[in-house]
Amino acid sequence: MADRIAIEDISPGVEQGRFAAKAIVGQPVNVTAVIFADGHDVLAARVRWRCTQRDAQEGTAQDWHTETLTLVRPLGNDLWEGVFTPTSVGTHEFVIEAWWDLYGTYHYELSKKHAAGVPIALELQEGQAHVARALEHITAGSEQARALEALLAKLKAAKDEKEQVALLLSRDTLSLMQQCDPQHHLSRSAAMPLDVDRERAVFASWYELFPRSEGPEPDRHGTFNDVHARLPMIRDMGFDVLYFPPIHPIGHSHRKGRNNTLTPGPDDPGSPYAIGNEHGGHEAIHPELGTREDFRDLVAAAREHDLEIALDFAIQCSPDHPWLAEHPGWFAWRPDGTIRYAENPPKKYEDIVNVDFYTEDAIPGLWLALRDVVQGWVDEGVKIFRVDNPHTKPFPFWEWLIADIRSRDPSVIFFAEAFTRPAIMARLGKVGFTMSYTYFTWRNTKPELTEYLTQLNESPLRECYRPNFFVNTPDINPTFLQGSGRPGFLIRAALATMGSGLWGMYSGFELCEAAPVPGKEEYLDSEKYQLKARDYFAPGNISAEIARLNWIRRQNPALQTHLNVRFYTIDNDRIVYFVKATPDMDNVVLIAVSLDPFHAQSGNFELPLWELGLDDHADTHGEDLMTGHRWVWHGKWQTTHLTPQMPFGIWRLRPAQ
């Protein structure tokens, strides 16, 4: 009873189906598998898929859908491929099925023998027998039965072998017989899980701000209501997601002062990551930000500007968090009755203590309480969570929590703020995180960028890991930006917006803020510890360029994913040159970025004419997507000149009509 047909190396798959591969609703899922059997019989294969989201909610199974798999040419590698398109978000599964194609085998053998001119009288009798057997297993009076009866009558009435061969080898006969195939030796793979997200999981532009810094006067604590005034500007720059650091009450004990000092002044607001005081914990709102109704109004107002609010989910507590008194068993206490404060050497967080997920009292109480925190904000209309340091919390916790939340609302997105080892970052994607921060922040040279973007396009990362190219964060003031001025900010903005469908920036980037703590990748006068007033119209800002980059992304589908980067030749090691195109090559965008913020750089680069089916001397239409200027390119090799004032070029390529 063992399968005679082998089905191996199924893609997409993550660890042979232990974890779900990632997909996007409405976008094709390309499926491949190696399928073979003993002997020389022709095989047939298909992919069957269905959404399983309703299973958990209603206890009912959705119908299976089917798409045909085809053998990849040239023959010999046994690779089959196909495609299906999920139409809803949530959990899905797919299986690969294969069987002996009896008539396909007969069709192949008859065509070879007929072409070789060998006697085929017996083969013609076998052909009629195939049709007669198929008729025996088809419902009488059905459309297929009538077609088979007509075919059998034509075969019997044929005046010679030539007419019989034509009937038996016709495309219509092959299609009809495949519809009636008994599927001998049918084999089925194990079900492969697939997690289907909404489009914002793969294409979005993020903007981060501290609501408390949005007050009308420099020293007045901002509120949710103050943020309303910023929404049009953020929308006009082309952003989709507005992300807030924690908005919860801030602890008093060991509160940090300006520039992370241990001696705060009476008016210092403290770090929002020191969560919890007498006003509540993770479920509460800092009183100076406003009321819950104010928050709801802001979520609704943002939606009217096509912006979605994202919240920070940071599983850490100030020493004043209510949980320490209400649930002391959720923490690991030291022999002297204290709790170790958080550390990330050389950084110290004296104002923060951590929960312990595996104390006797923590399971299930702590896990359920944290789940309820997330669900509470989901109920308030928040569907995106940036998760602080998820790699320092248990993988089983995240796998359970994300699945639990998404079983009720599969549109919820979880963004991992994990700057750690590659295997850990990938594992977070496998257990359910929708997207992640990346090493992009520290990839500055041409070899570094080429290697990293290539890795993100290859297995296993392409199936489980979606990169969000944040150019800066409140914690990270990249070394490259500290001394490169306005050109450096333009360079990093171009690389981020063009390199990935997901990118983000922390407010102040558009003003080219870069003053560091000497010798560190940290901001001087960090907004994490103080209010920070800004003039967003200050001279030298790059808001218009950011708006144009985001507009270009929205107008060009090729730029709405990270999975289609191809690097091509340019004869200058200070310029990185890559192309992004849709699978049908209808949208082809060329990107050249100078990595030198101080000097002009020129280079000769190749147009990928062969990708468009054109010869090396063809004419093509070019369009500068930053300026709208258009021209005709002649031939394969072209030249670009990039200056610090405009250190990148973004061009759309079209065949000449």
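Colleague: How far apart are the end C-alpha atoms of helix 17, and what span should its residues give?
Modeller: This is a predicted model, so keep that in mind. Helix 17 covers residues 485–499. At 1.5 Å a residue, its 15 residues should span 21 Å. The end C-alpha atoms are 21 Å apart, which agrees.

Colleague: Is helix 17 largely enclosed or largely open?
Modeller: Largely enclosed by the rest of the structure, because 13 of its 15 residues are buried. Buried here means under 20% relative accessible area.

Colleague: New topic, cis peptides. What is the omega from Ser11 to Pro12?
Modeller: Near 5°, and that bond is cis.

Colleague: Where does Pro12 lie?
Modeller: In the loop between strand 1 (5–11) and strand 2 (21–24).

Colleague: And Ser459 to Pro460, cis or trans?
Modeller: Cis, with omega near 5°. Pro460 sits in the loop that links helix 14 (446–457) and helix 15 (461–464).

Colleague: Now backbone angles. What is the phi of Gln183?
Modeller: Positive, about 55°, although Gln183 is not a glycine. Look for Gln183 in the loop between helix 6 (171–179) and strand 8 (184–188).

Colleague: What about the phi of Asp525?
Modeller: Asp525 has a positive phi of about 55°, and it is not a glycine.

Colleague: Which loop holds Asp525?
Modeller: The one between strand 19 (502–506) and helix 18 (543–555).

Colleague: How accessible is Asp525?
Modeller: Partly exposed, with a relative accessible area of 33%. That class runs between the 20% cut-off for buried and the 50% cut-off for exposed.

Technical notes:
Residues are numbered from 1 along each chain as its sequence is written. This is a predicted model: local features need pLDDT of at least 70, side-chain atom pairs count only at pLDDT 80 or more; totals for chains, interfaces and linings use all residues. Side-chain values use heavy atoms; hydrogens and water are left out. Helices (H or I, at least four residues) and strands (E, at least two) are DSSP runs, numbered from the N terminus. The expected span of a helix is 1.5 Å times one less than its number of residues. Buried means under 20% relative accessible area, exposed over 50%, partly exposed in between (1.4 Å probe, protein chains only).
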